[in-house]
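Subject: Structure handover

Hello,

Here is the structure I promised you. Please open it and keep it on screen while you read my notes.

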Amino acid sequence: MLFGQSHWHGEAIGYRLKHDNHQPFAIGGFIVGERKIRVLIAKPGLDGHDRGAKVVARALRDAGMEVIYTGLRQTPEMIAQAALQEDVDVVGLSILSGAHMTLVPRVMQLLKQYGLEDVVVFVGGIIPDEDVPALRQLGVKGIYGPGAALWDIIQAIRQEVESRG
Amino acid sequence: MQDQETMASLAQAKDEWERTTLRDTLAKWPERYEQFITTSGAPVERLYTPLDIADLDYERDLGFPGQYPFTRGVHPTMYRGRLWTMRMFAGFGSAEETNARYKYLLAHGETGLSVAFDFPTLYGYDTDHPLAEGEFGKCGVAVSSLADMEILFDGIPVDEITTSMTINGPAAVIWAMYIAAAEKRGIPMAKLGGTIQNDILKEYIAQKSWLLPPEPSMRLIVDTFEFGSKYLPKWNTISISGYHIREAGATAAQELAFTLADGIAYVQAAIDRGLDVDTFAPRLSFFFNAHNDFFEEIAKFRAARRIWARVMRERFKAKDPRSWWLRFHTQTAGCSLTAQQPENNIVRTTIQALAAVLGGTQSLHTNSMDEALALPSEVAVRIALRTQQIIAHESGVANSVDPLAGSYLVESWTNRLEREAYEYFDKIEALGGVIPAIEQGFFQREIAASAYRYQREIEEHRRIVVGVNEYQMDEPLSIPLLKLDPEGERRQRERLARVRRERDNRLLQQRLEALRRAAKGTENLMPYILDAVRAYGTLGEICDVLREVFGEYREPVII
């Protein structure tokens, strides 16, 4: 199901839109405590394919989250620093180059080093099935490949952040 | 052009049809959608008639193949004379592995080579650069020095076969390596045929593998135009590319407009240098994407040829008819492939390849079914190549030139795309040209908006993607994926260390110094780069000199 009904904050936040209706997903609602969910979308490594990262960033923003996009060619150190400075709840890493098994463990390790164990980490890109268990083992909460629905990502982030209080 | 009386009578008849036959049908059977759209989101009419192309003048707008404005093709006989080049984009891991893949493809009937480089190479870094960690050979082959290039083309007749190289930021250096590797085998540069992509503007716009800021990048590109026109008459010194612009999410019209706007910027830069347009323009080539929407894509290719011919003749006053030709390579749309039910990608690729052929492409890459998951396996790439061969030899579509000409829909869309391209040209001009538009994030914003709209259409079910948002199946992946040789990276690093140890380092330092001095001046840099490459200077070392002199580019962050 691409769009269902959710009763979070009592609002319908996903619905199948009629033709020619270009409303954003569901404005408002994604708030933890007193503030909006803050998400860092990052492109580690040399890979320049940023279509997915930008589409996801826009969708999260339309869903009412605060989104910070790092731009390209970020090192794991730059990403962990940004997560710390921006005080984010979520880090979304977008990697299509195949370098995820080098880059993701580094990011996870640095987040821990900075005391950011509570930050929820998602990975998007071309991630072979066989690498999924290892990434989960590292604490990656969501892994989204080609064809993933934006709505699933939005919902997963909400649930994960809420469950962490 | 149709006469007014016939048109008026037709308009009346159409009106009548709408009020009677059509209305009755719609009352009983409503259409599937309220509004039909193309892959690009452009509205699609129910029916196209001569009314939609009332202003079309055959001789002015179509002409004959091989004649201005080349809408129907750049060659008079097109595929009746010679089929398009079947050129599969390939590269992964080490030079040894990729060389074996080239030989495999040639043995199966491929007719041209196309090199995919890995990210470190695309950015002008050697395999052992710290930023290259984890990236070796993942998205293409690693080439750090002439030694790698020699292995990459070992046993391949580079004087008989043409090679296309997808390299942009460090294109001049990689081209120099190709020239030097051939030279070591006794093949003079005048005999080499092929293409370097060398299209930095599209890198800033979409693909994002750049080295230097725009101005010095443009200088290097004009250097290659000038060098090529003197010494490599069979080489295409640029492939002005819409492919990556489309992959980043652009519509067909944006792909067309932005690519041709880039082309215009290169021509202007070379003319500003003082080059005569007819010395370099015949070696400019193009590269387009073939996406799913069959007729829209065909119309795009036809519009591209017509616009370019008009721009070159009317705006730039080129006199050689070859300067008016828009010759292009096509790749089927990687972004259209699905990780779900990968076998379906064979069908998508077939439709897209057919559009490229009906659009009159000179060269074609067909994607493999597994490319949303990994680099193509041998089986997958063979099926992709066979797809082209079946279209070429069994479908009959290559036996007549531009068979869709005169289709009310195709001609009307060719006109529409041409119009939309000119609208974009005006907007770009108003922003001060391509480079200022890049710096203001214009292209990036337009493309990001289209990418997002497309994804939303899928999520909202306005657009069906088979196996993704309809007809899903829950079953494990059933196709084999490529595995890289784990020894490749070690071999490559050892070779790099050996090159650095065994070469004449004093000679190399002199040549790098000469390059540095030339870069600070205004001379053509190609001869200096070639000399540094011949002395086994590595890609990273040579690019470092350029980075040091010119600085690096940082893009504006735009979502």
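Which residue forms a salt bridge with B:Lys483? The partner is A:Glu130, and the closest N and O atoms are 3.3 Å apart. A salt bridge here means a side-chain nitrogen of Lys or Arg within 4 Å of a carboxyl oxygen of Asp or Glu.

Some ground rules. This is a predicted model: local features need pLDDT of at least 70, side-chain atom pairs count only at pLDDT 80 or more, and totals for chains, interfaces and linings use all residues. Residues are numbered from 1 along each chain as its sequence is written, chains are lettered from A and ligands numbered from 1 in the order written, and side-chain values use heavy atoms, leaving out hydrogens and water.

Back to that pair. B:Lys483 sits in the loop between α18 (442–459) and α19 (488–502) of chain B, and A:Glu130 in the loop between β6 (120–125) and α4 (132–137) of chain A, so the pair joins two chains. Helices (H or I, at least four residues) and strands (E, at least two) are DSSP runs, numbered from the N terminus. Both B:Lys483 and A:Glu130 are exposed. Exposed means over 50% relative accessible area, buried under 20%, partly exposed in between (1.4 Å probe, protein chains only).

Now helix α19 of chain B. Two residues there, B:Arg490 and B:Glu494, lie 4 residues apart, about one turn of the helix. Their side chains meet in a salt bridge (2.7 Å, N to O). B:Arg491 pairs with B:Glu96 at 3.6 Å, N to O. That pair links distant parts of the chain, 395 residues apart.

Over all chains, the search finds 51 salt bridges.

Best wishes
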